[in-house]
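Subject: Structure handover and notes

Dear colleague,

I am passing on the structure below, together with notes on what was found in it. Please read the notes with the structure open beside them.

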Amino acid sequence: MSLTCKQLLETYEHAWQSATHHPFLEQCKSGTIKPVQFNTWLVQDYLFVIEFTRMVARLLAAAPVSHFDTILGGLAALKDELNWFRAKASERNLKLDIPKQQTNQRYCQFMTTLAIAPYVIQATAFWAIELAYNQAWQIHSPMVEPYHEFADRWGNPEFTVYVNLLEKQADEVLQNASELVQNRVKEVFREVAKFEKSFWQMAFVVK
Ligand code: HMH
């Protein structure tokens, strides 16, 4: 029996729940988040997305040509996203050349190590990372101003369609994964869930 993305979500339901629910998101929804905390998340996420873009570039290099369209679409969206982050930071007078917090450093290090993993592992990690944001922001939508556009960026229905395509691509290659590789996929999925949970918490570590 081959492993599927749906099975990962079912098996690790609790860990996934923690990845997509957090006081940070609730406080953005209600507008009670302190601006300094929101800004902390914003700059850390910008720094994360730089390394995430590099991960997606490596994934493209390992992908079958039939997966190019979706991945190239993802990279184009990341190009816009990086520019959007810079615009948001500039509106808020935030410095972007600051050190990553430890959680962010570890998450980025984890993405770097995926470079030498088989494509199926990279594809599943890619799907899980995008799904985490799609669900987390969607579950907490709509958000009050000025957070509405943040919730909409990842929670919008087109983003869900894109994440579903990533799931299909991961499922397709999971069909041929050995048991050893399936076990690595499970570990990587749990790691993503753990990192996503701690990422929200970074907002509350204000330096
Ligand atoms: C921490 N996970 C984190 N940041 C993001 N921007 C995404 C996932 C997806 O885009």
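Of the 207 residues in the chain, 51% are buried, where buried stands for a relative accessible area under 20%, exposed for over 50% and partly exposed for what lies in between, computed with a 1.4 Å probe and protein chains only. This is a predicted model, in which local features need pLDDT of at least 70 and side-chain atom pairs count only at pLDDT 80 or more, while totals for chains, interfaces and linings use all residues. Residues are numbered from 1 along each chain as its sequence is written, and side-chain values use heavy atoms, with hydrogens and water left out.

The chain holds 10 helices and zero strands, both taken as DSSP runs numbered from the N terminus, with at least four residues of H or I for a helix and at least two of E for a strand. The radius of gyration, taken over C-alpha atoms with a globule rule of 2.2 Å times the number of residues to the power 0.38, is 17 Å for the chain, which agrees with the value near 17 Å that a compact globule of 207 residues would have. Along the principal axes, the C-alpha atoms fill a box of roughly 50 × 30 × 30 Å. Among contacts (heavy atoms within 4.5 Å) with a separation of 6 or more, 85% are between residues 24 or more positions apart.

The structure holds two cavities of 30 Å³ or more. A cavity here is a set of points, on a 1 Å grid over the protein atoms alone, where a 1.4 Å probe fits but cannot get out, and its lining residues have an atom within 4 Å of a point; grid points are joined across faces, edges and corners, and the volume is the space filled by probe spheres set on the points.

The largest cavity has about 90 Å³ of space and is lined by D45, F48, V49, F52, E81, I129, E130, Y133, W154 and E196. Helix α4 gives the most to this lining, with four residues, and both α4 and α7 (119-139) supply at least two residues each. By class, the lining has six nonpolar, no polar and four charged residues, with Ala, Val, Leu, Ile, Met, Phe, Trp, Tyr, Cys and Pro counted as nonpolar, Asp, Glu, Lys and Arg as charged, and the others, Gly among them, as polar.

One of these lining residues is F52, which sits in helix α4 (residues 35-62) and, because its relative accessible area is 2%, counts as buried. Apart from neighbours within four places in sequence, F52 is in contact with L78, M111, F126, I129 and E130. The C-alpha atoms of F52 and C108 lie 7.4 Å from each other, although the two residues are 56 residues apart along the chain.

The second largest cavity, with about 30 Å³ of space, is lined by L59, Y119, A123, F126, L166, Q169 and A170. Helices α7 and α9 (157-174) each supply at least two residues of this lining, which has six nonpolar, one polar and no charged residues.

Finally, Q182 belongs to helix α10 (residues 179-201) and counts as buried because its relative accessibility is 11%. Not counting residues up to four places away in sequence, Q182 touches M1, S2, L3 and A177.

With best wishes

How values were computed: On a 1 Å grid over the protein atoms alone, a cavity is a set of points where a 1.4 Å probe fits but cannot get out, and a pocket is an open set with protein on both sides within 12 Å along at least five of seven lines; lining residues have an atom within 4 Å of a point.
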